[in-house]
Amino acid sequence: MTHETTQQCAYATARLVVGDWHRMSHRYGLDLIDAICSVLTRITTAALPPEWQGDFDDQRAKRWVEARDAESPTMLVVTRDDSKAVGLLILFESASQQDPDRIDVRLGYVLAESAWGKGLASELVQGLVDWASAEPSIRSISGGVARDNDASARVLLNNGFKPSGDATNEAETYEIILGHHH
Ligand SMILES: CC(C)(COP(=O)(O)OP(=O)(O)OC[C@H]1O[C@@H](n2cnc3c(N)ncnc32)[C@H](O)[C@@H]1OP(=O)(O)O)[C@@H](O)C(=O)NCCC(=O)NCCS
């Protein structure tokens with residue numbers, strides 16, 4: 001899997017700058033391992049898959065960076081006004097079953113606890129939808145949300161995602177099909 005399109009993902013919103021985590025940490029003089037340890041904590045990872053849960057020390061963060069890099073692009077989310085790392089955005093692309101010439105993008109996101117409740121996740125995903133809408137090769141974006149994660153469901157619903165029908169007892173998948181009006 002090459003992830004050619006999502007590797008190029010970079011955008012800014014009113015309060016956030018988003019791009020490949022290696023390029024971003026270099027550009028803002030941030031230590032990526034420190035950034036991960038500050039974002040991924042017992043509390044912020046509680047709703048994430050079991051292998052991501054708990055606190056991260058340097059060792060675990062380093063292994064996690066290697067594992068992510070082997071799998072798919074990861075974006076660092078930095079605040080525009082004070083250049084602080086406040087979140088991670090993971091994008092996983094695959095050939096679309098409905099339209100083999102295009103890709104479907106699966107997303108995941110997590111913000112540092114200190115950044116919660118300010119509309120930043122909604123803004124982050126809005127920026128992603130705007131960026132993806134200008135990429136003709138992207139057909140859709142989707143994300144799986146645990147049933148008890150109301151805040152994350154709100155983030156996707158706020159941005160035009162709809163339940164896709166792909167649901168289990170534990171999670172619901174939300175999806176947005178991009179129009180690409182030219
Ligand atoms: C989910 C998460 C990204 C939301 O970030 P955020 O920046 O606080 O979200 P926003 O401020 O954009 O809020 C989105 C909506 O959720 C609501 N909300 C926020 N916290 C909430 C909570 N604990 N319970 C219910 N609703 C909540 C907000 O009021 C807002 O509602 P509105 O759009 O109707 O006004 C953040 O809490 C997080 O990183 N959680 C841990 C990781 C995670 O769950 N990732 C998603 C996995 S699918």
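These legends describe close-up views of the ligand and the pockets in a predicted model.

View 1. The shell around the ligand holds 21 residues, and Gly117, Gly119, Ser122, Asn149 and Asn158 come nearest. By class, the shell has 10 nonpolar, 8 polar and 3 charged residues.

View 2. Tyr109 places a polar backbone atom 2.7 Å from a ligand nitrogen atom. Trp116 uses its side chain: a polar atom there lies 3.3 Å from a ligand oxygen atom. At Leu120, a backbone N or O atom is 3.5 Å from an oxygen atom of the ligand. On its own, the ligand has 950 Å² of accessible area, and the protein covers 68% of that.

**View 3. The ligand in the largest pocket.** The ligand takes up the space of the largest pocket. Two or more shell residues come from each of β5 (103-111), α4 (120-133) and α5 (150-158). Helix α5 gives the most, 6 residues.

**View 4. Lining of the largest pocket.** The volume is about 1200 Å³. The lining counts 47 residues; Leu48, Tyr109, Gly144, Asn149 and Ser152 lie nearest the centre. Elements supplying at least two lining residues include α3 (58-71), β4 (85-95) and β6 (138-146). The lining splits into 24 nonpolar, 14 polar and 9 charged residues.

**View 5. The second largest pocket.** This pocket holds about 250 Å³ of space. Of its 16 lining residues, Asp104, Arg106, Ser140, Ser142 and Glu175 lie nearest the centre. Strands β4, β5, β6, β7 and β8 each supply at least two lining residues, and β4 gives the most, with 4. The lining has 3 nonpolar, 7 polar and 6 charged residues.

Technical notes
Residues are numbered from 1 along each chain as its sequence is written. This is a predicted model: local features need pLDDT of at least 70, side-chain atom pairs count only at pLDDT 80 or more; totals for chains, interfaces and linings use all residues. Side-chain values use heavy atoms; hydrogens and water are left out. A residue is near a molecule or strand if one of its heavy atoms lies within 4 Å of it. A polar contact is a pair of N or O atoms within 3.5 Å; within protein, one must be able to donate a hydrogen and the other to accept it, and residues adjacent in sequence count only if both atoms are side-chain atoms. Accessible areas come from the Shrake-Rupley method with a 1.4 Å probe; for residues, only the protein chains shown count as cover. On a 1 Å grid over the protein atoms alone, a cavity is a set of points where a 1.4 Å probe fits but cannot get out, and a pocket is an open set with protein on both sides within 12 Å along at least five of seven lines; lining residues have an atom within 4 Å of a point. A molecule sits in a cavity or pocket if more than half of its atoms lie within 2 Å of its grid points. Ala, Val, Leu, Ile, Met, Phe, Trp, Tyr, Cys and Pro count as nonpolar, Asp, Glu, Lys and Arg as charged, and the others, Gly among them, as polar. Grid points are joined across faces, edges and corners, and a volume is the space filled by probe spheres set on the points.
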